Amino acid sequence: MKYRNIVFDLYGTLIDIRTDEKDPAFWEKVAQSYRKEGAVYTAKEIQKSYLSLAEKEKKKAADPHYPEIDLRNVFSALYRQKGILPSERLIAQTAEHFRLSSLLRFGVYPGVKELLAFLHEQGCRLFLLSNAQRCFTMKELALSGLDEQFEKIFLSSDRGCCKPSPKFFEILIRECGIAPEETLMIGNDWLADMQGAYAAGFSGIYIHQPISPEVTGTLRAEFCAMDGDVFKVLDYLHDKE
């Protein structure tokens, strides 16, 4: 196969996940978790504070055009606003509760493990480049059995920027020493994944899933699975051997 490096998106590409952070019941659960630790919030108050603190964090990001934050800073600030200095363990527990309270669906898409196995058999280097929060994602990778599939994992919360930021792709290229012309990006977002990869000099394969953003621009992909069938991607790459 002509590609030595395969860069994957995670959510909506390998893992099928649905969350709801708009439901008032979700914010009541979050408020309850804070009240248990002595930080008294109502659901509406904690939602408003959370969103405000997140916006403040974005102003510190590495890329002002495509900013990313570390939500652990927001969780911590919510405690400190109520006079509580949280431990790292408490922040981790809060992040886990936050995620579980919003979670509606979670699982690996059919065909993903077969695709990864094939690429490993081909001797490809596999990387993960995800717009994601470390405090959520590392545990979810382990739960899905995907945590040991990648040579290196790049998460936006660690870098202060997110796809399609050129800075995020440049970090991957520099730290892994890859040649863009030998690199393929597989993702489910026409802008973040496909446009970002195209600008970085990568080729692209697009998988459209129900949670994919609407395609409103040029879809920069050499192959598209518009029905979300990962096995079609596997078949396509088999033919490229």
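Q: At what angle do helix α5 (residues 112-121) and helix α10 (residues 230-239) pack, and how far apart are their axes?
A: The angle is about 20°, and the axes of α5 and α10 are 8 Å apart. Axes here are lines fitted to C-alpha atoms, for helices over the stretch in contact, and angles run from 0 to 180 degrees between N-to-C directions. Helices (H or I, at least four residues) and strands (E, at least two) are DSSP runs, numbered from the N terminus.

Q: What sort of model is this?
A: It's a predicted one, where local features need pLDDT of at least 70 and side-chain atom pairs count only at pLDDT 80 or more, while totals for chains, interfaces and linings use all residues. Residues are numbered from 1 along each chain as its sequence is written, and side-chain values use heavy atoms, with hydrogens and water left out.

Q: Why are α5 and α10 called roughly parallel?
A: Under 35 degrees counts as roughly parallel, over 145 as roughly antiparallel, 65 to 115 as roughly perpendicular, and the rest as oblique. The angle of α5 and α10 is about 20°, so these two are roughly parallel to each other. Their crossing is left-handed (the near helix is turned anticlockwise from the far one by less than a right angle; clockwise would be right-handed).

Q: Which residues make the contact of α5 with α10?
A: On the α5 side they are V112, E114, L115, F118 and L119, and α10 brings V230, F231, V233, L234, L237 and H238. Contact means heavy atoms within 4.5 Å. By class, that contact has 9 nonpolar, 1 polar and 1 charged residues (Ala, Val, Leu, Ile, Met, Phe, Trp, Tyr, Cys and Pro are nonpolar, Asp, Glu, Lys and Arg charged, the others, Gly among them, polar).

Q: What makes α1 roughly antiparallel to α4?
A: Helix α1 (residues 24-35) and α4 pack at an angle of about 160°, with axes 9 Å apart. That angle makes α1 roughly antiparallel to α4. The crossing is right-handed. From α1, F26, W27, K29, V30, S33 and Y34 meet T94, H97, F98, S101 and S102 in α4. These divide into 5 nonpolar, 5 polar and 1 charged.

Q: How do you know that S101 and V30 count as buried?
A: Buried means under 20% relative accessible area, exposed over 50%, and partly exposed in between (1.4 Å probe, protein chains only). S101, in helix α4 (residues 88-102), has 15% relative accessibility, so S101 counts as buried. V30, in helix α1, counts as buried at 4%. V30 and S101 are 71 residues apart in sequence and 7.6 Å apart in space, C-alpha to C-alpha. Leaving aside neighbours within four places in sequence, S101 is in contact with F26 and K29, and V30 with I46, H97 and F98.

Q: Why are α2 and α3 called oblique?
A: The axes of α2 and α3 cross at roughly 130° and come within 9 Å. That angle belongs to the remaining class, so α2 and α3 are oblique to each other. The crossing of α2 and α3 is right-handed. In α2 the contact uses I46, S49, Y50, L53, A54 and E57, and in α3 it uses L71, N73, V74, F75, A77 and L78. By class, there are 9 nonpolar, 2 polar and 1 charged.

Q: What makes I207 buried?
A: Its relative accessible area is 1%, so I207 is buried. I207 sits in strand β7 (residues 203-207). Leaving aside neighbours within four places in sequence, the contacts of I207 include T13, I186, A225, V230 and V233.

Q: How many residues does the largest nonpolar core have?
A: It has 34, and those with the most contacts inside it are I6, F8, L119, L146, F150, V233 and L237. A second, separate core of 24 residues includes Y41, A43, I91 and F136. A nonpolar core is a set of buried Ala, Val, Leu, Ile, Met, Phe, Trp, Tyr and Cys residues joined through side-chain atoms within 4.5 Å.
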